[in-house]
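Here is a short report on the pockets of one protein model. Look over the sequence and the structure before reading on.

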Amino acid sequence: MQFNLVATDAQSKARAGVVHTDHGSIETPIFMPVGTAGTVKAVHQRELKEDVKAEIILGNTYHLFLRPGLDVLEQAGGLHKFNGWDRPILTDSGGYQVFSLAGTRKIKEEGVKFKSHIDGSTLDFTPENVMDTQRTIGADIIMAFDECTPYPCDHTYAKHSMERTHRWLQRCVDRFDGTEPKYGYSQTLFPIVQGSTYKDLRIQSAETIASFGREGNAIGGLSVGEPAEMMYEMTEVVCDILPKDKPRYLMGVGTPANILENIALGVDMFDCVLPTRNARNGMLFTTQGIINIKNKKWAEDFSPIDAELGGYVSSFYTKAYLRHLIHSGEYLAGQIASVHNLTFFLWLVKQARQHILNGTFRDWKDVMVKKLMTRL
């Protein structure tokens, strides 16, 4: 994998670049739709490419390990062949499940024992077998195995967790560098900065992660309940340390405003389930602000969902029709709303990139953040 920095913004730390992988190039800043179990929920691959214009999607190691399982994925020739997505894929390592499944897991130095949320069976995840699993899944970008700490957590816990994550990273690197890709294309490993909301720990972790000299770096353990201003503070501290010639991926973020503010701090890559999860519940992100399509005010609004955004679903379907589908419990509602929200998120980062290239990002961002937080 290679990263070329194309432009930087004079009034902020925003950057525009290109990540090159064997499955294609990714223009940054980029938003990556989340396809946890091998699918972006309710969205066809054709829609992802032609309407949403996604350049990379995510898969989740924990969920794919359980279903369909590594045997099926290997027989298929990897996740790209299995789900038909021919552009880059990034896989989370399962570190987020260490956080989200806290009630059913035990952390030790060797790794993490999970109880499967499907059948209760015991799963052992170690830095080594997580690297092997992601090799088998076939992601272009593989994440190191880490612990995503909860918020709040005390300094002592955060420090011990961070130090263990660093030890696990060395084991990930040793295993990754000692193995080969399975399907004839290159893969790359991103380490993850941890340290909760403690500046001293974030500095220490960012310096440690940077010292490994990998092709890209990630920032984890944020967007887990801490105030937005605290997230921005930690992100800025870390971005100022991570190398400028490598892409920076802020994991699990976030709202449109979060994305724009973090682009301004030097982040290049984002992912979040928010656009599709909120879509299924009737929350739409639009070029004019936020819509709760369930509200009665849209019942007789026959204008397009978002004419300014463009794209098939946003221009073709009306607010009144989508509201009707939501209230009727029709599956098509989730599909339309998901495609719309993802199209908006990709539009937003493309707009940000264009303004970085034009040298107008900061002023545009300040206007857009206020507009995009408005409830219509």
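## What counts as a pocket

A pocket is an open set of grid points with protein on both sides within 12 Å along at least five of seven lines. The model is predicted.

## The largest pocket

The largest pocket holds about 750 Å³ of space. Its lining is made up of 36 residues. Closest to the centre are Val34, Tyr96, Gly252, Asp271 and Val273.

Which elements give two or more residues to this lining? Two are strands: E5 (57-60) and E15 (269-272). Two are helices: H5 (95-100) and H11 (274-280). H11 gives the largest share, with 5 residues. By class, the lining of the largest pocket has 17 polar, 13 nonpolar and 6 charged residues.

## The second largest pocket

The second largest pocket has a volume of about 200 Å³. It is lined by 16 residues. Thr255, Pro256, Ala257, Asn258 and Met373 are the closest to its centre.

Several elements supply at least two lining residues each: helix H9 (228-239), helix H10 (256-263), H11 and strand E16 (283-286). The largest share comes from H10, with 4 residues. How does this lining divide by class? There are 10 nonpolar, 3 polar and 3 charged residues.

## An element in both linings

Helix H11 takes part in both pockets. It gives the lining of the largest pocket 5 residues, and it supplies at least two to the lining of the second largest pocket.

Technical notes: Residues numbered from 1 in each chain as written. Predicted model: local features only at pLDDT ≥ 70, side-chain atom pairs only at ≥ 80, totals over all residues. Heavy atoms only, no water. 1 Å grid on protein atoms, 1.4 Å probe; cavity = no way out; pocket = protein on both sides within 12 Å on 5 of 7 lines; lining within 4 Å. Points joined across faces, edges and corners; volume = space filled by probe spheres on them. Nonpolar A, V, L, I, M, F, W, Y, C, P; charged D, E, K, R; others polar.
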